[in-house]
Structure formats: C-alpha cells, structure tokens
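Please walk through this structure step by step. Keep the sequence and the coordinates open side by side.

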Amino acid sequence: MEERNKYTFGLSSSSGGFSFGNVSTRPFGGSVAQPATSTTAGTIDDLGTVTTVTSAETKSLFALPGRDLSGVFSNRKKTSKSAARPELKSQWRDVKWTEEQKTSLMKTVSSYKPSCEEVTQARILLLGPVSSGKSSFISSVQSVFSGRVTNRAMVGSSSTSFTKKLQSFKIRDQKGEDPNGLVLCDVMGLGDGEMTGLTLHDILSVIKGHVPEGHKFSPDQPVRSETVGYVKRPSLKDKIHCVAFVLNASKVLTYPTGLSTTFQQLREHISDLGVHQVALLTHIDQICKDTAKDVSQVYKSLLIQETMKKAGALLGMSTSYIVPVKNYSSELDLDVNTDVLLLSAVDHILQYADLYFQDSTPQHTGLKLDKIEV
C-alpha cells in the first residue's frame, strides 16, 4: 500500500481570489505550504514536495454567492495532441492485466463495507472542471458491474456543465440489484458559466451533508437553512467521506492559471473537515497513442507519467494520490484492461474513504486506570 497522509496544502487569504479570512489548516501529516501566488505548472517528487512556477495571475475560479462564473474558462488554444513517446521497459506501477485480476477487484469492491457501523455506504464526491469526465467515470464504473457499456449518468459534450444537480449513484450488480458499499456523487463542473455556477460555500455544504439529493445549484441562490430539503443536522451517512478530483489529461497544460488557486482553496477547506482527497486523471487515451491502442501500456508511458506529475503540481498533491483512468465513450463492448484500470481507481478511492471512517470512529485504548488510594 502506498504511503498516505502527506497532503501539501497552500493558499493564504492574501493569495487573491476568494477570501476567507484566517483559515486554519490541518493536513493529514506532512507540512503546510502557504504560497502567496498561484501555480501554473511544475514538478512533484516522490515525497510529495511540489516545485512550481508561479504566476502573477492569482484569480480564483470560485464565485461568491450571487456572482456568476461566466468567462472563467477561456477559449484557449488546445496544444495537447495524442503523441507517441518512448516507453519504459517495465511498469512504474505494478498492475496485472488479466481477467483474474478484474474478477478479484470486482469482488473487493462488491464486498466493501465501511469500517464504521453507523453507515453502510461510502459517499464519494467527484469534483472537477467542465468536461473533465466525472459523469463518464460514474457510467464507466457502472458499466463494469453491469457487464455492458451503459450511460448511467447523463453525459454532455458542450463546454458548459451538463450536470446541474446533486446526483448520487449507487453502483449495482448486473441485474440492477444489490448495490455495493459505494455511492458516487456528481455535481456540476467547476468554472461553469451561463445561468448557473458552483460556489465554494455550496461545495462545502455538500461535503458537510446539508444539501438534499436533487438540489439544483445556482450562483445567486446559495445553499442555506431556508433551502428546500436542507439537512440541518446531517448524520455521518449524509456526509461526503472522500473527495476525488477529476482532471482531463489532454487539458492539464491549458487549464486557466487560477484553477491551481481554486484547487488549493478547496483542498485546504476540505482537509479542515477531515475528508481525504485523491485524484483521477481521465482521457489518457487522448494524449498517448500507445495507450489508446492498448490500455495496459498506461504505466509504461513516459508522457502519462509526466502529465500526472503536472496534474499533481496543479492540485498541490503527491502523485501517489493520483490514478489514471480511461472512461468508456464510443465503445460498445467492455475491455478487460480498461475495466482493471477503472476498478483499481475505485479500490484506491475506497481505501481513502475508509481512512475517514477510521478517523471518525472513537478509539478505545482499553487502558484501565486503577484507583489510587492516598
């Protein structure tokens, strides 16, 4: 199991963008970084230390309640193209690409039960820019368990977010019965303009369990106690137990500068809630021709490895928390290698969700103090 709990956070209130006043940071181990400017690109070593190139532009992508996010994601020229790069002789992560491994992973995920008796399912919130592949990931995971490619979550193709509401998807077996211990929660993409937008306040309200299922987000109507269906006293089962950031590999180099600030603001506040975070790197087939032909080549691709490092710098996160995935899009049939990669990502997420439950469960030392007679 990979080393965990070395979160690198950053963002003081002086860094621009959305201001929160004095914010306390409680990382899960490791040190706290407080950069004064946003980051655009950089490298990250095996210890999770981020080296970044700073930019004078530090505008956050978050909208204040009542403000729209129009124009945040500019129409930048796409420079990332599918390209062939030298491959490594061996995988930089050990994965078995077999039918047996797929079956083993399916059993692991299907039999998963939270370590906390108070809840029966782990709620995972997917967060990412528009067109990052959040809804496609949900549909792809469901496809693996359904035994055929299916579009469980509605997927759009425009530059604006297709998802407008909070939607929770229980992953079910091939017969559509017996949901496992995983619930994937979808919300609109970050940076969506038009008539809607997602605020930091609303994101944190979802994580805290206040937002009712099906709530439609609007920048001028933030979630508050007067909101219809508002959960005033959420229990552990209402809350989010792990956050998975989703990034499009083909856009990592062209995301707006302020997105790094946005992610670091998010990570700092989500960490304060005691929720662990991981990341999914989607659309890997669009940046590597060899992986597009054969998904099992993903961990031999230097290009994908480099892109993961850049994604880590963007998020302020060690690459040990990031996993690449390929979602089903135009395919009609399942592929074993694609399934193994998707299931490995789900297993990765559930491990961090379980850390949340372990942290939430009262620990009993078993020590007894004898009465001292004086």
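**A walk through the chain**

Gly229 is partly exposed, because its relative accessible area is 45%, a value that falls between the 20% and 50% cut-offs. The model is a predicted one. Gly229 sits in the loop between α3 and β6, the strand at 242–248. Which residues does Gly229 touch, leaving aside those up to four places away in sequence? They are His210 and Pro212. His210 is 19 residues from Gly229 in sequence. In space, the C-alpha atoms of Gly229 and His210 are 8.7 Å apart.

Now step back to the whole chain. The protein chain has 374 residues, and 52% of them count as buried. Its secondary structure comes to seven helices and eight strands. Take the contacts between residues at least 6 apart in sequence: 75% of these join residues at least 24 apart.

Helix α3 covers residues 200–208, and α4 covers residues 258–272. The two helices pack at an angle of about 30°. Their axes are 11 Å apart. The crossing of α3 past α4 is right-handed. Which residues make the contact? From α3 come Leu200, Ile203, Leu204 and Ile207. From α4 come Leu266, His269 and Ile270. By class, the contact residues of α3 and α4 are six nonpolar and one polar, with no charged residue.

Move on to strand β7, residues 276–282. His276 has its place in this strand. Is His276 buried or exposed? His276 is buried, because its relative accessible area is 1%, and the cut-off for buried is under 20%. The His276 side chain also has a polar partner: it makes a polar contact with the side chain of Asp359, at 3.2 Å.

Helix α7 is mostly covered, with 18 of its 25 residues buried. Asp335 caps the N-terminal end of α7. A side-chain oxygen of Asp335 lies 3.3 Å from the backbone nitrogen of Asn337.

Two backbone angles deserve a look. Most residues other than glycine have a negative phi. Ser131 has a positive phi, near 65°, and is not a glycine. Ser131 lies in the loop between β3 (122–127) and α2 (134–146). Ser131 is partly exposed, because its relative accessible area is 36%, which falls between 20% and 50%. His283 also has a positive phi, near 55°, in a residue other than glycine. Its loop runs between β7 and α5, the helix at 289–293.

Thr150 lies in the loop between α2 and β4, the strand at 167–170. Why does Thr150 count as buried? Its relative accessibility is 18%, so Thr150 counts as buried under the 20% cut-off. Beyond residues up to four places away in sequence, Thr150 touches Ser139, Gln142 and Ser143.

Definitions and conventions:
Residues are numbered from 1 along each chain as its sequence is written. This is a predicted model: local features need pLDDT of at least 70, side-chain atom pairs count only at pLDDT 80 or more; totals for chains, interfaces and linings use all residues. Side-chain values use heavy atoms; hydrogens and water are left out. Buried means under 20% relative accessible area, exposed over 50%, partly exposed in between (1.4 Å probe, protein chains only). Helices (H or I, at least four residues) and strands (E, at least two) are DSSP runs, numbered from the N terminus. A polar contact is a pair of N or O atoms within 3.5 Å; within protein, one must be able to donate a hydrogen and the other to accept it, and residues adjacent in sequence count only if both atoms are side-chain atoms. Axes are lines fitted to C-alpha atoms, for helices over the stretch in contact, and angles run from 0 to 180 degrees between N-to-C directions. A crossing is left-handed if the near helix is turned anticlockwise from the far one by less than a right angle, and right-handed if clockwise. Contact means heavy atoms within 4.5 Å. Ala, Val, Leu, Ile, Met, Phe, Trp, Tyr, Cys and Pro count as nonpolar, Asp, Glu, Lys and Arg as charged, and the others, Gly among them, as polar.
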